[in-house]
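Please keep the sequence and the model in view while reading.

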Amino acid sequence: MRQCILKGPCRGNTMKFEELLPVGSVVRLKGAKKKIVIMGFMPVKHLADGSDAIYDYLGVPYPEGFMQQDSGLLFSHGKIDEIVFTGYTNKERDLFVSTI
């Protein structure tokens, strides 16, 4: 499994969708002091060379959340140092994950 680094995206996500943390999960990334809340999965970043990079997560700083256009952070599961809180899951999420 390839690992994405924060400032050097890999070309594909590193996790199976069903293994990803749910939306609302709060994590601390390796080498970071600030917590991040996960707000989305598998975001695509369009690179200058015309290719696309897929990350595992889209997150925003916690507790501030989304405050401006560039407050989103793209990162891979391998960059997570600590899972502070696991977001809500239920049958609706399970069904969503099973259809991806």
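## Burial and Ile38

A residue counts as buried when its relative accessible area is under 20%, as exposed when that value is over 50%, and as partly exposed in between. The model described here is a predicted one. Ile38 has a relative accessible area of 2%, so this residue is buried. Ile38 belongs to strand 2.

What is Ile38 in contact with, leaving aside its neighbours within four places in sequence? The residues in contact with Ile38 include Leu21, Pro22, Val23, Gly24 and Ser25, and also Val27, Tyr57, Leu58, Gly59 and Phe75. Between the C-alpha atoms of Ile38 and Val26 the separation is 6.3 Å, with the two residues twelve places apart along the chain.

Five strands make up an open sheet, in the order 6-5-2-1-7, and their pairing is antiparallel. Strand 6 (73-75) and strand 7 are at the edges; each has a single partner strand, so one side of each has no neighbour in the sheet. From one strand to the next, the twist averages 45 degrees.

## Strand 1 and its two partners

Strand 1 covers residues 26-29. Val26 and Arg28 point one way from this strand, Val27 and Leu29 point the other way, and all are buried. Strand 1 runs antiparallel to strand 2, and three bridges join them. Within strand 2, Ile36 is the bridge partner of Val27. The two strands form a hairpin with five residues between them, and Gly31 in the turn has a positive phi of about 75 degrees.

Strand 1 also pairs with strand 7 (residues 80-85), in the antiparallel sense and over four bridges. In this pairing, Leu29 stands opposite Ile80, and Val27 stands opposite Ile83.

## Aromatic residues

A pair of aromatic rings is described by the distance of the centres and the angle of the planes. A search of the whole structure gives two aromatic pairs. In the pair of Phe41 and Tyr57, the ring centres are 6.5 Å apart and the planes stand at 50 degrees, so the pair is tilted. This pair links distant parts of the chain, with Phe41 in strand 2 (residues 35-41) and Tyr57 in strand 5, 16 residues apart.

Ring pairs join Phe41, Tyr57 and Phe75 into a cluster. Tyr57 has a relative accessible area of 0%, and is therefore buried.

## Salt bridges

How many salt bridges does a search of the whole structure find? The search finds two. In one of them, the side chains of Arg28 and Glu82 meet at 3.2 Å, N to O. Arg28 lies in strand 1 and Glu82 in strand 7, so the pair ties together parts 54 residues apart in sequence. Arg28 is buried, whereas Glu82, at 35% relative accessibility, counts as partly exposed.

A salt bridge also brings together the side chains of Lys34 and Glu64, at 3.1 Å, N to O. Lys34 is in the loop between strand 1 and strand 2, and Glu64 is in the loop between strand 5 and strand 6, so this pair ties together parts 30 residues apart in sequence. Lys34 is partly exposed, with a relative accessible area of 38%. Glu64 likewise counts as partly exposed, at 38% relative accessibility.

## Residues in the loops

Asp56 is located in the loop between strand 4 (52-54) and strand 5 (57-62). Is this residue buried or exposed? Asp56 is buried, because its relative accessible area is 0%. A polar atom of the Asp56 side chain lies 2.7 Å from the backbone nitrogen of His77.

Two further loop residues concern the backbone. Met42, in the loop between strand 2 and strand 3 (44-46), has a phi near 45 degrees, a positive value in a residue other than glycine. With a relative accessible area of 27%, Met42 is partly exposed. Pro63 has its place in the loop between strand 5 and strand 6. The peptide bond leading from Tyr62 to Pro63 is cis, and its omega is near 15 degrees.

Conventions: Residues numbered from 1 in each chain as written. Predicted model: local features only at pLDDT ≥ 70, side-chain atom pairs only at ≥ 80, totals over all residues. Heavy atoms only, no water. Buried < 20%, exposed > 50% of the residue type's maximum accessible area, 1.4 Å probe, protein only. Polar contact = N/O pair within 3.5 Å; in protein donor to acceptor, adjacent residues only side chain to side chain. Phe/Tyr/Trp six-rings, centres within 6.5 Å; stacked < 30°, edge-to-face > 60°. Pairing = 2+ DSSP bridges. Contact = heavy atoms within 4.5 Å. Axes fitted to C-alpha atoms, helices over the stretch in contact; angles between N-to-C directions. Salt bridge = Lys/Arg side-chain N within 4 Å of Asp/Glu carboxyl O.
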